[in-house]
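Please keep the sequence and the model in view while reading.

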Amino acid sequence: MKIMPRQKRLEAKAIKRILDATTREVVGWLYEWNTGEQLPRWKDGRRENVIYE
């Protein structure tokens, strides 16, 4: 069985905005890396009550 090397995260693009669920203010962005991994990038720290647009 051949083991494939893990891909390195080299580049990412914003795929969605993260909005405060109450105010609809942009509080961050959801990024997708070249590996397929999706991670949030917060403006001023992690938020809990959010929606993805």
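In this predicted model, the side chain of D20 reaches the backbone nitrogen of T22 at 2.8 Å. The side chain of D20 also reaches the backbone nitrogen of T23, at 2.9 Å.

| Side chain | Backbone nitrogen reached | Distance |
|---|---|---|
| D20 | T22 | 2.8 Å |
| D20 | T23 | 2.9 Å |

Where in the fold is D20 found? D20 lies in strand β1. Is D20 buried or exposed? The relative accessible area of D20 is 14%, and residues under 20% count as buried, so D20 is buried. Once neighbours within four places in sequence are left aside, the residues in contact with D20 are E25, V27, R47 and N49.

**The sheet**

In general, the strands of a sheet pair through backbone hydrogen bonds, in a parallel or an antiparallel way.

Strand β1 covers residues 12-20 and strand β2 covers residues 26-33. The two run antiparallel and are joined by 7 bridges. Along this pair, A12 stands opposite W33 in β2, and I18 stands opposite G28 in β2. β1 and β2 form a hairpin with 5 residues between them. In that turn, R24 has a positive phi of about 65°.

β2 also pairs with β3, again in the antiparallel sense, over 5 bridges. G28, which faces I18 on one side, stands opposite W42 in β3. The hairpin of β2 and β3 has 4 residues between the strands. G36 in this turn has a positive phi of about 95°.

**Aromatic rings**

How many aromatic pairs does the structure hold? The number is 0. The ring of W33 does have a charge over it: the charged end of R9 sits 5.5 Å from the centre of that ring. W33 is also the residue of β2 that stands opposite A12.

Terms used:
Residues numbered from 1 in each chain as written. Predicted model: local features only at pLDDT ≥ 70, side-chain atom pairs only at ≥ 80, totals over all residues. Heavy atoms only, no water. Pairing = 2+ DSSP bridges. Phe/Tyr/Trp six-rings, centres within 6.5 Å; stacked < 30°, edge-to-face > 60°. Lys NZ or Arg CZ within 6 Å of the ring centre and 35° of its normal. Buried < 20%, exposed > 50% of the residue type's maximum accessible area, 1.4 Å probe, protein only. Polar contact = N/O pair within 3.5 Å; in protein donor to acceptor, adjacent residues only side chain to side chain. Contact = heavy atoms within 4.5 Å.
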